[in-house]
Amino acid sequence: MPGSALNSSCSSNPPAKREGDAAVASDDHSAGEKEINFSNWTEYMDTSEDEKSRPTLEEFTKRTGIKVKYTEDINDNVEFFGKVRPQLAAGQDTGRDLIVVTDWLAARIIRLGWAQKLDPAHLPHAYANLIPQFRTPDWDPGRSYSYPWTGIDTVIAYNEKATGGKKVDSVTQMLDDPSLKGRVGFLTEMRDSVGMTLLDQGKDPATFTTADFDEAVGRLQKGVDKNQIRRFTGNDYTSDLDKGDLAACLAWAGDIIQLQAGNPDIKYAIPAPGYITSSDNLLVPAKARHKANAEKLIDFYYEPQIAAQLAAYISYVCPVEGVKDELAKIDPALADNPLIVPDKAMAAKAHAFRSLTSEEETAYEEKFAKLIGA
């Protein structure tokens, strides 16, 4: 991913190809119905100290008069897609105006024609302030249908106490160091575990072949067979890493920051070949009733001051240019943390896992499920 200076505008590449056309413009009731139904993941919104309010959402309502029904009903991409797919396939309103899904699922929804094209005229801050790293994903060039809510960097985390003071900074070390045997964790997200292994093997996750994929899965299989890998995990790696049951694992940057706040033994490393980056993305589903209102909310979170409030709370990569100065007013340490505000060196090491065809997705997921015992 490029670490170049900010472009003056979004890419002019053509929009992503779509298999269906169900996302044709729907009747928008935004003018007469000042509301938004917003579905998101848990712990992904700033909350007041008494946990009774969400300050940025309240500020949005105060400013616009648009009420936000905010629901934390996304726990897993596959599970959530299973919930909304029947309605989307039938051309029905899901009851949601705005959803947040990880890029591979965002790509699938766009490809199927189940996301509404966004109006740049309603997104002046988002259009201007999206950082270069996230501007041109191959599944939505120019961000015609989506904008990142957060970036998700996959790096190596280790418990320095559990490693005996040893730094762990490569997938090769995780898979081959005998002192780590039985105390290594990889992720159940295929693109993270295979992507980091591809990088370690000198392959580009943006251009790899099926042979490269099979080689990476085979490398991980050896780690399973010789009991080097303890297990493949979701977010639940955090407690094992904190306790030292996992000495080293692949981890998401936002979790590391949270863990470090309570445990100084938690460290992270960026492997020499780089790391996998992805994003959780805001989409307006087909047939949503309040598209214009949803676009106003997307744009609101691309104002640096608002973005800083959100980033200070959730600690994930902020995709908003200009957030660093605003974040420094809240907490200088957060502003200087490259896991939240990537510097040029960090951004230059970011790699995205390429989009898959429907056939590849099915075949690769089957191979990965066999590897992890799913």
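Phe208 is a buried residue, with a relative accessible area of 3%. In this predicted model, the charged end of Arg354 is placed over the ring of Phe208, at 4.4 Å from the ring centre. A search of the whole structure returns 15 aromatic pairs. One of the aromatic pairs is formed by Phe208 and Tyr364, in a tilted arrangement with 6.1 Å centre to centre and 40° between the planes. This pair connects distant parts of the chain, since Phe208 lies in the loop between α6 and α7 and Tyr364 in helix α15, the two being 156 residues apart. Tyr364 is likewise buried, at a relative accessible area of 1%. Between the rings of Phe300 and Tyr301, the centres are 5.2 Å apart and the planes stand at 85°, so this pair is classed as edge-to-face. Phe300 and Tyr301 are both buried. These two residues also belong to one aromatic cluster, which is formed by Phe38, Phe60, Tyr70, Trp149, Phe300 and Tyr301.

Helix α15, which contributes Tyr364 to the pair with Phe208, comprises the 15 residues 358-372. The buried residues of the helix are Glu360, Glu361, Tyr364, Phe368 and Leu371. These residues cover an arc of only 95° around the axis and therefore lie on the same side of α15. The face turned away from this buried side carries Glu359, Glu366 and Lys370, which are exposed. Packing of the buried residues of α15 involves several elements, namely α3 (103-111), β5 (184-187), α6 (190-200), α7 (210-225) and β6 (229-233). The helix is followed by Gly373, which has a positive phi, near 75°.

Strand β9 spans residues 275-283 and is mostly covered, with 9 of its 9 residues buried. Burial extends to both faces of the strand. On one side are Tyr275, Thr277, Ser279, Asn281 and Leu283, and on the other are Ile276, Ser278, Asp280 and Leu282. Within β9, Ser278 has a relative accessible area of 12% and so counts as buried, the limit being under 20%. Apart from its neighbours within four places in sequence, Ser278 makes contact with Asp103, Phe134, Thr150, Gly151 and Ile152.

The pairing of β9 involves several strands. With strand β3 (residues 98-102), β9 pairs in the antiparallel sense over 4 bridges; here Asp280 of β9 is the bridge partner of Thr102. Strand β4 (residues 147-159) also pairs with β9 in the antiparallel sense, over 7 bridges, and Asp153 has Thr277 of β9 as its bridge partner. By contrast, β9 and strand β10 (residues 350-351) run parallel and are joined by 2 bridges. In this parallel pairing, Tyr275 is positioned opposite Ala350 of β10.

Technical notes:
Residues are numbered from 1 along each chain as its sequence is written. This is a predicted model: local features need pLDDT of at least 70, side-chain atom pairs count only at pLDDT 80 or more; totals for chains, interfaces and linings use all residues. Side-chain values use heavy atoms; hydrogens and water are left out. Buried means under 20% relative accessible area, exposed over 50%, partly exposed in between (1.4 Å probe, protein chains only). Two strands pair if DSSP finds at least two bridges between them. The expected span of a helix is 1.5 Å times one less than its number of residues. The arc is that of the directions from the helix axis to the C-beta atoms. Contact means heavy atoms within 4.5 Å. Rings of Phe, Tyr and Trp (its six-membered ring) pair if their centres lie within 6.5 Å; planes under 30 degrees apart count as stacked, over 60 as edge-to-face and the rest as tilted. A charge sits over a ring if NZ of Lys or CZ of Arg is within 6 Å of the ring centre and within 35 degrees of the ring normal.
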